[in-house]
Amino acid sequence: MNAPVDVSFFARAAKPLTSYRKYWAARFGTAKFLPTTRKEMDALGWDSCDIIVVTGDAYVDHPSFGMAVIGRMLEAQGFRVGIIAQPDWQSAEPFKALGKPNLFFGVTAGNMDSMINRYTADRKIRSDDAYTPGDVGGARPDRAAIVYSQRCKEAWNDVPIILGGIEGSLRRIAHYDYWQDKVRRSIVVDAKCDLLLYGNAERAIVEIAHRLAAREPVHEITDVRGTAFVRRDTPADWFEINSTSVDEPGRVEAHVNPYLMVSEQAKANGATCAKEDEAQAVAQAAEAGAAAANPVNPAIKPLTFMPNPALQQRARIKVPPRDRSVIRLPSYEQVRADPVLYAHANRVLHLETNPGNARALVQAHGEGATARDVWINPPPIPLTTAEMDHVFDLPYARSPHPRYADENGSHDGATKIPAWEMIRFSVNIMRGCFGGCTFCSITEHEGRIIQSRSEESIIKEVEAIRDSVSGFTGTISDLGGPTANMYRLGCKSPEIESACRKPSCVYPGICPNLGTNHDPLIKIYRRARALKGIKKILIGSGLRYDLAVQSPEYVKELVQHHVGGYLKIAPEHTEQGPLTKMMKPGIGSYDKFKQMFEKFSAEAGKKQYLIPYFIAAHPGTSDEDMMNLAIWLKKNGFRADQVQTFYPSPMATATTMYHTNKNPLRKITRESETVDIVRGDKRRRLHKAFLRYHDANNWPLLREALKSMGRADLIGNGKHHLIPTWQPLTDGGYTSARRKNSTSAPVAAKASAPVRLAPVKPSKGRILTQHTGLPPRDNGSAPPRKASAGPVRGSIRKPR
């Protein structure tokens, strides 16, 4: 079956990935694993590497890991690529392990921003790292992209540095840094890289590699989309649009000449006035007669008022072509000193993210002789279906590098890499997200245009997992991506798609131009689960339920065949205040989906549960909003075990709200609306406590807050009360469930008998669910329960 043909503007706007002539080193063939040592290079017959990729993650040769995708892409172009994974950054020596690269160093902090990877939302350092063998923390430095770039420069000063990954994407302009609580410079300036590649960089990295191989100087490569770099001046043939301030008056419109006749005003507006035209004709005839009657001085005429040419020119100002326009953002010094200008710059950045119409951006850093501009080219053109297939069909080993194997030669023991374990039996079917959630980093990195693989490519990967991945028992843990059900969804009109500047296609409602046909996804689900040797296809990616309800057939297929007892969705909140700042649908959409979920589960004779996620302390959330959410949780029988507190990731819209108290979803002015921000440990703990209203450790804090809010009526020992009046003896602590998918719940005792009993531990092999109010899921260690439709894998939620 042939892959569907892309008809969008983007399918015709870029050179295909497979159209380049291969580099001469293609004669060395394909490596089973990209080399990480000189010994491995020797085994391949290499005397040097053309490109060396330095990464903060352990090297896993799988299409879900950035270093593997970029490495295999460059290998397919004929380049020799080596990997330096998680090097010791204390000196430059580990960065010389593979010798001097012939073309460039490719640097990435890994699949996550290094600060989010190393610190919790409360700025506490983590002891674990899911991208490191053995889940051991401390294998990468803070701000790893900057540190690695500097060490590469120390190792080989004349080798270009190409910086990429999500850490680079989210820090490409001056940005608020939550961990230092200040605005930092663009990472291009701090890392001193030659080029920054943001977003999914396959298209850009291939073009740059071939141009560097053709001996083009790196400082002359300034026209590649999806790149950022430092330059001193704006080129002469570009139109610079000044957007360095807010509340400035617009251009002055031409004043109407008070001496113009009515007919002249009508003509100026493209109309006519018959009576006035007739009167003017009579006046002209009279004037001609007077001149004939006065031959002595025929030059004497009535006064004529001419319009001001300067004002005429301003009135008819032309918009410069977008492909030669650059918007000058407020400088780093301005956004650091003025939160309003920071919010304005963030809004402009997010308006210029559609590859079809985005303009270049420039932001000054420094003043005087040290001043330089960070120039950001428009976003990369999304990959076509054929190109997506090419990327995912590359010869990945689909396992960690053998250097991480334990004493038994496997990766399932002490050296297990949790991030690989999570996606070991999963398939990524698409990229991008048009949801536009303000707290999420997916849009800033992958874009809003959905890039989908073909059905044949997806089925081929499922069969490859079945036939070649060790430990496979017949269950595919996920067929998804950033969102489970956006496969092949997009704008109905290519012209509208390339011109649209909306931040979301589904907020405040689903755009009428958005296609919501789930039939291609249903077809893939059915075909994949019908394959020989496949027992179960689970959907582990987050579901966009407001889209799912548009296709009852999809919901039925999902619920009756692809839910392993539990399905996670993310309403995030119940109240309109925070939901409008998140750009998420109201709780009514959740209720509608819940009804369909329960209906189809009952029809299939299955007992299944929805697992909703919620965020505490998001910008725009009041204490009353969290109280109402806690009431909703108790009313619906949810007792959240793992709780997510808002984490201000760089460049996200919600992070801008957190830093500036302004709402960049609307035009920014000095008088624009302010946003309620949850700052300080005490208030953040309170919002988190409302989500865990059932935890006795939180009751003293909640009692105090409810009394101060005038809601003491929620304190009591009845079922309609939120928290009780009595207090058991507790240790005042809470054990995070991040490392394990369960926490031991202590048995509460009344104040009259303050005896603390031993924690109730789940039986061996059992884990509690995300919400302790639900029965434990079956993980295959015991005979399956009737309530479970199949094994469910644990998951690590993406930081957003």
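Predicted model: local features only at pLDDT ≥ 70, side-chain atom pairs only at ≥ 80, totals over all residues.
**Confidence**

I checked pLDDT before anything else. The chain averages 86, and 81% of the residues score at least 70. Residues 1–5 stay under 50, and the model gives them eight contacts beyond four places in sequence. The pLDDT is also below 50 over residues 777–800, a stretch with 65 contacts beyond near neighbours in sequence.

**Helix 20 and helix 22**

Next I looked up how helix 20 (residues 552–561) sits against helix 22 (residues 587–603). Their axes come within 9 Å and cross at roughly 55°, so I put the two helices down as oblique to each other. The crossing is right-handed. From helix 20, the residues in contact are Pro552, Val555, Lys556, Val559 and Gln560; across from them, helix 22 brings Phe593, Met596, Phe597, Phe600, Ser601 and Glu603. Sorted by class, that contact has seven nonpolar, two polar and two charged residues.

Then I traced an open sheet of three strands, ordered 21-22-23, with parallel pairing. Strand 21 (566–572) and strand 23 (644–645) are at the edges with a single partner strand each, so one side of each has no neighbour in the sheet. How many bridges join strand 21 and strand 22 (residues 609–616)? I found five, in the parallel sense. I also looked up Leu567, whose bridge partner in strand 22 is Leu610.

Last entry: helix 25 (residues 681–691) packs on this sheet and touches strand 22 and strand 23. The direction of helix 25 makes about 165° with that of strand 22.

Key. Residues numbered from 1 in each chain as written. Heavy atoms only, no water. Axes fitted to C-alpha atoms, helices over the stretch in contact; angles between N-to-C directions. Helix = DSSP H or I, 4+ residues; strand = E, 2+ residues; numbered from the N terminus. Parallel < 35°, antiparallel > 145°, perpendicular 65-115°, else oblique. Left-handed = near helix turned anticlockwise from the far one by under 90°. Contact = heavy atoms within 4.5 Å. Nonpolar A, V, L, I, M, F, W, Y, C, P; charged D, E, K, R; others polar. pLDDT = per-residue confidence, 0-100. Pairing = 2+ DSSP bridges.
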